[in-house]
Amino acid sequence: MMRAVRALWQREVVRFLRDRPRLVGSLLQPIVFWVLFSGALHGSFKPGGMDYGQYFFVGTLAMITLFTAIFATITVIEDRKEGFLQGVLVSPVPRSAIALGKILGGATLGMLLAMLFLLMAPLAGVSLAPERVLLGLGVLALLAVAVTGLGFALAWVMDSTAAYHGIMMLFLMPMLLLSGAFFPMETAHPLLSWVRFVNPMTYGVGALRHAFQGEVAGVPSFPVCLLGTVAFAVLTFLLGSFVVTRRSVRDAA
Amino acid sequence: MTGQTNATSAITAADLAFTYGERQALQDVSFEVMLGQAYGFLGPNGSGKSTLFKLLSTIVPLQRGRVSMLGLDLATQAAAIRRRIGVVFQSPAVDKKLTVRENLHYAGLLLGLAGRELGARIDQILAAAELADRARDLTGELSGGMRRRVEIGKCLLAKPDLVLLDEASTGLDPKARRDMWALLRAQAGLTVVFTTHLMDEAVEAHSLVLLDQGRIVAAGRPAALMREVGGQVLEIETPEAPVLAGELKAAFGVAVQVVDGTLRIEGQVVHELVPKLMQRFGERVQRLQLAHPSLQDVFLRKTGKRFVVAEPEVPAKHGRGRR
């Protein structure tokens, strides 16, 4: 089983590194976002008393894992259309290995890009102390597995990349926006304030803030954030494994 | 067909049926494939051959009937069957962004091979498929025939006992098709089950099943099936087919079929009829063709219609496609 996981994981990484436009786009997009938002809100918005560039830096890390997960899991639909997935489905690989390989592949790409973005931390005034970086990378890994697992489960049941994009934008962008990645949520409308507690991204972004910025007002405690992120990762992985193990006439497509 | 398996049987299928929603794709399908055979399924689009292929390749679950493959029950031992079969789909399953060797490498890992064993097996496959000098090329840069050989190579990596091919030679030129079959025939004792809509490919099978609308309409050795039709087939094109059919029947006492506006006469010595026919009705005949029976004629006799191939067969999707 682990050979199959390795094969699928490695294939994701090799294909990504070989696709230069995708690589460059994935790397530059979050940097552009961070530069533009930080620059635009520099003098007018100081959430938690910190410079917006510093605040949004952690949000950008979460955004990188999310966007990378979206684009990485699109390959599930492409693999089905191009016939690769059929070849995997008729191999003696347990279907849970397919989920694990694809999710780990996508999560690795998210981690890779997030780590590259981390190199800009000094520009944002974010500490790169080894203990913070290690903790942060651990949280990033969990968050990457969680959002890639969610993307995988959604992609598996979809036929078109356009529909997948639509669904991802409908659900995942609000999840990101309401997670505290872009702005603090504690002063939001009571209804939105309630939504943030059931939004699993809140805990992922919160855990990242704890890792890189220490205690931040309005963010749940680190154990709560960590537990929420672990639960998010486990649940989405189980969801991915569940959808992939179901055989039906649609597999014929 | 009993559904029981004997020692020389690769596949025994009994009473298979399959539906996509309301559409009956397969009905009462039974057959037996012997070990080492090249066993073909010939049929037009929508005949059910791709559905049958997806059942045998374990892509879709069995709905009704019994199938034993290599002594294993398809309904309950699909995972064990997957370890012993190789599958090549109609649509290419190679990754065009990877090199030939990488495609084989990842396929090998999925099949449970690794390390030196995998490396050595890849080298063997590359040599057998005559792709050793293209091993480092991206698969997307290869010709269709070469890509197909990569696919065949992938499915042969783990030395399967049985290979399933779904219209694998569609779109290939005759040389590429010959190369594909040469690669398969080089594997001693390999059982090959294939679907096709190409007559000249089907005729090469040891045994052949003709499918139409999800049912078996004929089965046997291709030569025997063609012999059943008769020694010769005469086809006559005429603008007044129904009228002339009656006149020919009255004049010569032969059975005349009208198929798509063309008259057909089958028999052992139909050629003796040609001079007399031309003498009496020659000016009403536009074109006349005398030939030995083909699988097309077998299909025509069994179904009353011509074998027409349009677009590649695509399985129907129903509703939102529950998984």
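In chain A of this predicted model, helix 3 passes helix 5 in a right-handed crossing, a term that applies when the near helix is turned clockwise from the far one by less than a right angle, anticlockwise being left-handed. Helices here are DSSP runs of H or I with at least four residues, strands are runs of E with at least two, and both are numbered from the N terminus. The axes of helix 3 (residues 52-81) and helix 5 (residues 95-118) of chain A come within 8 Å and cross at roughly 145°; axes are lines fitted to C-alpha atoms, for helices over the stretch in contact, and angles run from 0 to 180 degrees between N-to-C directions.

On the side of helix 3 of chain A, the residues that meet helix 5 include T60(A), L61(A), I64(A), T65(A) and T68(A), while K102(A), G105(A), G106(A), L109(A) and F117(A) are among their counterparts in helix 5 of chain A. Two residues are in contact if their C-beta atoms, placed from the backbone, lie within 7 Å. By class, this contact of helix 3 with helix 5 has nine nonpolar, seven polar and one charged residues, where Ala, Val, Leu, Ile, Met, Phe, Trp, Tyr, Cys and Pro count as nonpolar, Asp, Glu, Lys and Arg as charged, and the others, Gly among them, as polar.

Residues are numbered from 1 along each chain as its sequence is written, and chains are lettered from A and ligands numbered from 1 in the order in which they are written. Because the model is predicted, local features need pLDDT of at least 70 and side-chain atom pairs count only at pLDDT 80 or more, whereas totals for chains, interfaces and linings use all residues.

Chain A as a whole has eleven helices and zero strands. Its radius of gyration, 18 Å, is close to the 18 Å that the globule rule gives for 253 residues, so chain A is as compact as a globular protein of that length; the radius is taken over C-alpha atoms, and the rule is 2.2 Å times the number of residues to the power 0.38. Buried residues make up 51% of the 253 residues in chain A, and they make up 43% of the 323 residues in chain B, a residue being buried if 20 or more other C-beta atoms, placed from the backbone, lie within 10 Å of its own.

Chain B holds eleven helices and 14 strands, and its C-alpha atoms fill a box of roughly 75 × 45 × 45 Å along the principal axes. Six of the strands form an open sheet of mixed pairing in the order 6-7-8-3-9-10, with strand 6 (85-88) and strand 10 (215-220) of chain B as the edges, each pairing on one side only. Two strands pair if DSSP finds at least two bridges between them. Neighbouring strands of this sheet are turned by 15° against each other on average, direction ignored.

| Strands of chain B | Bridges | A bridge pair |
|---|---|---|
| Strand 9 (residues 207-212) and strand 10 | Five bridges | V209(B) and A219(B) |
| Strand 12 (residues 257-259) and strand 13 | Three bridges | Q257(B) and R264(B) |

Strand 12 and strand 13 of chain B form a hairpin with two residues between the strands, in which D260(B) takes a positive phi near 50°.

Notes: Buried ≥ 20, exposed ≤ 12 C-beta atoms within 10 Å, placed from the backbone.
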